[in-house]
Amino acid sequence: MSRIDRIFCAGFGGQGVMSMGQLLAYAAMLEELEVTWCPSYGPEMRGGEANCSVTISDERIGSPLINNDATVGVFMNGAAYNKFKNKVQPGGKIFMNSDLIEDSNPRTDVTYYKIPVNSIATRLGKIQLANMVMLGALNDQAHLVNQDMLLEAFKKVFGAAKEKYIPINKEALAEGAKAAAEMFK
Amino acid sequence: MAKVLLKGNEAVVRAAIEAGCKYFFGYPITPQNEIPEYFSKELPKIGGAFVQGESEVASINMLYGAAAAGARAMTSSSSPGIALMQEGIGYISKAELPAVIVNMMRGGPGLGGIQPSQSDYHMCVKGGANGDYHNIVLAPGNVQELVDMVQEAFDIADQYGMLVIVLADGLIGQMMEPVELRKPKARPIEPKTWALTGPNGGKPHRIYNLKLQAPDLEQDNIDLFKKYEVIEKNETRYEDYMMDDAEFAFASYGTASRVVRTAVDKLRAEGYKIGLIRPQTLWPFPYEAFKRPNIKKYLDVELSMGQMIDDVAIACGDKNMIEFFGHTGGVLITVDEVCDFAKKIMGGAK
């Protein structure tokens, strides 16, 4: 059976949801996998709803759309989680920003990864790193791409001017991976 | 060349510039705004020009002028904007000038919505302007094909003196996929000796639209359709998927065909003998692709109320052999819906 990962990322505008998906997509491309990245689009505004769907496969990708068959769901805030948690298929993984999301009635047919990405990012010195912390957690637990490839993708997506931010982003990825791993200790 | 991850709209610009397009005229409209935005940054760097017209009507007539002057030029828009351009499209077609238009379709009719749709098949393939004419219409199914087709569109336009429309939709425009910029096959392209570049000491060049003598105008139309016959013979394209032993065949293009392709995989896994015929050119339409004695039914799937279905019906010669499924207004079809639709038609036939 060929490999196919369908990753649905959602949050509000400004949380880096789209770039999280793009870094993943770019990294997968660098690993010579097939990949698609589809954004939701509409009247854009900061703080508005933002989501994107990333499909990674080793074969040509047909439908790039995710309905209720995401293998992984990534949710950065409560509104996105409540609206889209059922997009993840039974047996899938849900990564949630536990600083902003509480669920008294969680699904029982998926695996939850509750990562306090805002707290971790703040501890690292920049709340803007929250998406990278999440990406580190997600990529480590869902085994999507080589973690170093995400940094290669960072260079391609954000360009030479932003290369000075690579060390701090690398740390954010590592902290995310660590937090996710600790959940299962 | 290494692959790059590009949004469909950005890919259009990269491909057009690679193909030697130096002039872009357009007016903003969602979901294709990255095209004019990116052109506005890139064209001045290569000695070209980006002009935001005061309207779509102005933009298409600027394209008419640039094409008449022999330049490689294009415009882009989305459904309601293309509707506004129809007069200019008719004039360019009558003048037999090479030009390229990209249409990232959205929901209609009227101002409609901004989500992806395939609502403009009739307008672009059957002609939204007056008179007897055709435009060549290319229908990319993914971003790589979009890149390839935009590049080739300029060559096809020059080879035949035709307006070429690349008919994609908001999803292809907005989504990112890895693409490789590669050269299309070389085509026989004549120098533009007719271009309005000044007489240079010789006779002035003229490009006419009006022809008041009826027999002369009829002769023009006859000549135009002789050219169209050559294009139909040379340029018709489609792609088969899982058609070798198929007893049922989907007919679908562009974004809809991607969802259908996944549905074919699912149905095949359950033992159904079903495939997909995906037209890559909508005019000329691949009528020959639908003459298959083993096919019991054609299942036409579009993001419309059913527009390409008319051509599928002409192609297979029996409208009773065709079933339709689609969504409109920006609602997308799902793989499960397409599978359910197909199973209803196929019954237990495996």
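User: Is Cys339(B) buried or exposed?

Analyst: Cys339(B) is buried, with a relative accessible area of 5%. Buried means under 20%, exposed over 50% and partly exposed in between, using a 1.4 Å probe on the protein chains only. This is a predicted model, in which local features need pLDDT of at least 70, side-chain atom pairs count only at pLDDT 80 or more, and totals for chains, interfaces and linings use all residues. Residues are numbered from 1 along each chain as its sequence is written, chains are lettered from A and ligands numbered from 1 in the order in which they are written, and side-chain values use heavy atoms, leaving out hydrogens and water.

User: How far is its sulfur from the closest cysteine sulfur?

Analyst: The sulfur of Cys339(B) is 19 Å from that of Cys38(A), too far for a bond. Over all chains there are zero disulfides, a disulfide being a pair of cysteine sulfur atoms within 2.5 Å.

User: And Cys316(B), buried or exposed?

Analyst: Cys316(B) is buried too, at 16% relative accessible area.

User: Changing topic. How many cavities are there?

Analyst: Three of 30 Å³ or more. On a 1 Å grid over the protein atoms alone, a cavity is a set of points where a 1.4 Å probe fits but cannot get out, a pocket is an open set with protein on both sides within 12 Å along at least five of seven lines, and lining residues have an atom within 4 Å of a point.

User: What lines the largest cavity?

Analyst: Residues of both chains, including Arg60(A), Ile61(A), Gly62(A), Glu239(B), Ser257(B) and Arg278(B). H10(B) supplies the largest share, three residues. By class, the lining has two nonpolar, four polar and five charged residues.

User: Where does Ser257(B) sit?

Analyst: Ser257(B) is in helix H10 of chain B and is buried at 2% relative accessible area. Not counting residues up to four places away in sequence, Ser257(B) touches Ser252(B), Leu276(B) and Arg278(B); contact means heavy atoms within 4.5 Å.

User: Where else does H10(B) give the most to a lining?

Analyst: In the second largest pocket, with five residues. That pocket holds about 730 Å³ of space and is lined by 25 residues, with Ile4(A), Arg6(A), Thr262(B), Asp265(B) and Lys266(B) nearest its centre. Its lining divides into eight nonpolar, eight polar and nine charged residues.

User: Over to chain A. Which residues of H3(A) are buried?

Analyst: In H3(A), residues 117-124, the buried ones are Val117(A), Asn118(A), Ile120(A), Ala121(A) and Leu124(A). They cover an arc of only 165° around the axis, so they are on the same side of H3(A). The arc is that of the directions from the helix axis to the C-beta atoms. The face turned away carries exposed Thr122(A) and Arg123(A).

User: What do the buried ones pack against?

Analyst: Strands E5 (88-97) and E6 (111-115) and helices H4 (130-142) and H6 (166-182), in chain A. Just after H3(A), Gly125(A) takes a positive phi of about 110°.

User: Last one. Which loop holds Gln307(B)?

Analyst: The loop between strand E13 (297-302) and helix H11 (309-316) of chain B. Gln307(B) is buried, at 13% relative accessible area. Gln307(B) and Ser119(B) are 188 residues apart in sequence but 7.8 Å apart in space, C-alpha to C-alpha. Beyond four places in sequence, the contacts of Gln307(B) include Asp120(B), Tyr121(B), His122(B) and Glu302(B).

Methods. Grid points are joined across faces, edges and corners, and a volume is the space filled by probe spheres set on the points. Helices (H or I, at least four residues) and strands (E, at least two) are DSSP runs, numbered from the N terminus. Ala, Val, Leu, Ile, Met, Phe, Trp, Tyr, Cys and Pro count as nonpolar, Asp, Glu, Lys and Arg as charged, and the others, Gly among them, as polar.
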